[in-house]
Amino acid sequence: MSRADDEFVEYARASAGQLRRTAYLLCRDWDLAADLTQTTLARMFVHWQRISRRDNPHAYARQVLSRAFLDHHRSKRSQEVVTAEFSDVPAASGDSDLRLTLLDALGRIPPRDRAIVVLRYWEDLSVEAVAEILDLPTGTVTSQSARALARLRHLLGQPAGPAPGNSLFA
C-alpha cells in the first residue's frame with residue numbers, strides 16, 4: 001500500500017463511527033447508515049489524494065454523506081419500511097425515551113429538512129457550512145431550519161414559536 005492509502009485507512013478508521021452515527025440520524029436505519037458510510041468512504045478513497053490536501057477532510061465527508069443520503073432517498077429504489085421495532089443498540093445515556101421520541105419526530109420531517117437539522121444542530125455546523133454541503137442558498141438553510149424546528153416542536157408537543165436559546169428542548 002502507498003502512503004496515501006495508509007493515510008486513508010487511518011482516516012476511515014478514525015471517522016467511520018461518527019459518519020455512521022450522522023448517517024443514522026439522517027436515515028433512521030442502522031443498516032442503511034452503514035451503507036451510506038461505506039458509500040461515503042468509497043467515494044472519498046477515489047479522490048483521497050486531492051481531499052487529504054484540504055484543511056478539513058471531515059467537512060468533505062459530511063458533504064458526501066449528506067448528498068448520498070439525499071440521492072438514496074430520491075432514487076426510485078429507495079422505499080422506506082415502517083416498523084414498530086427499533087435497533088437493539090443501547091442508548092448511550094439515561095434519556096432513551098426522549099432519544100427515541102426525537103428520532104421518531106426527525107423521521108417525520110422531509111429528508112432535506114432532516115439533513116439540515118442534523119447538520120446544523122447535531123453536527124453543530126454553521127448555516128454557511130450546511131448551505132455549502134447541501135448546495136443550497138444560506139437563506140434557504142435559515143428558513144428551512146426554522147420551519148423544520150417548528151415542525152419538530154409541534155411533533156414533540158411543544159408550544160409554537162421560537163424557544164429561548166434556539167434549543168429544541170428549551
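**Exercise 1.** Determine how many aromatic pairs the structure holds, and classify the pair of Phe 8 and Trp 48.

*Solution.* The structure holds 4 aromatic pairs; rings of Phe, Tyr and Trp (its six-membered ring) pair if their centres lie within 6.5 Å, and planes under 30 degrees apart count as stacked, over 60 as edge-to-face and the rest as tilted. The ring centres of Phe 8 and Trp 48 are 5.3 Å apart and their planes stand at 70 degrees, so this pair is edge-to-face. Because Phe 8 belongs to helix α1 (residues 3-27) and Trp 48 to helix α3 (residues 48-51), the pair ties together parts that are 40 residues apart in sequence. Helices (H or I, at least four residues) and strands (E, at least two) are DSSP runs, numbered from the N terminus.

The model is predicted: local features need pLDDT of at least 70, side-chain atom pairs count only at pLDDT 80 or more, and totals for chains, interfaces and linings use all residues. Residues are numbered from 1 along each chain as its sequence is written, and side-chain values use heavy atoms, with hydrogens and water left out.

**Exercise 2.** Decide whether Phe 8, Trp 48 and Tyr 11 are buried or exposed, and describe the pair of Tyr 11 and Trp 48.

*Solution.* Buried means under 20% relative accessible area, exposed over 50%, and partly exposed in between (1.4 Å probe, protein chains only). Phe 8 has a relative accessibility of 8% and therefore counts as buried. Trp 48, with a relative accessible area of 6%, is buried. Tyr 11 and Trp 48 form a tilted aromatic pair, with 5.2 Å from centre to centre and 35 degrees between the planes. This pair links distant parts of the chain, since Tyr 11 is in helix α1 and Trp 48 in helix α3, 37 residues apart. Tyr 11 is at 12% relative accessibility, so Tyr 11 counts as buried.

**Exercise 3.** Which residues do ring pairs link into a cluster?

*Solution.* The cluster consists of Phe 8, Tyr 11, Phe 45 and Trp 48, linked by ring pairs.

**Exercise 4.** State how many helices and strands the protein chain has, and what share of its residues is buried.

*Solution.* The protein chain has 8 helices and 0 strands. Of its 170 residues, 39% count as buried.
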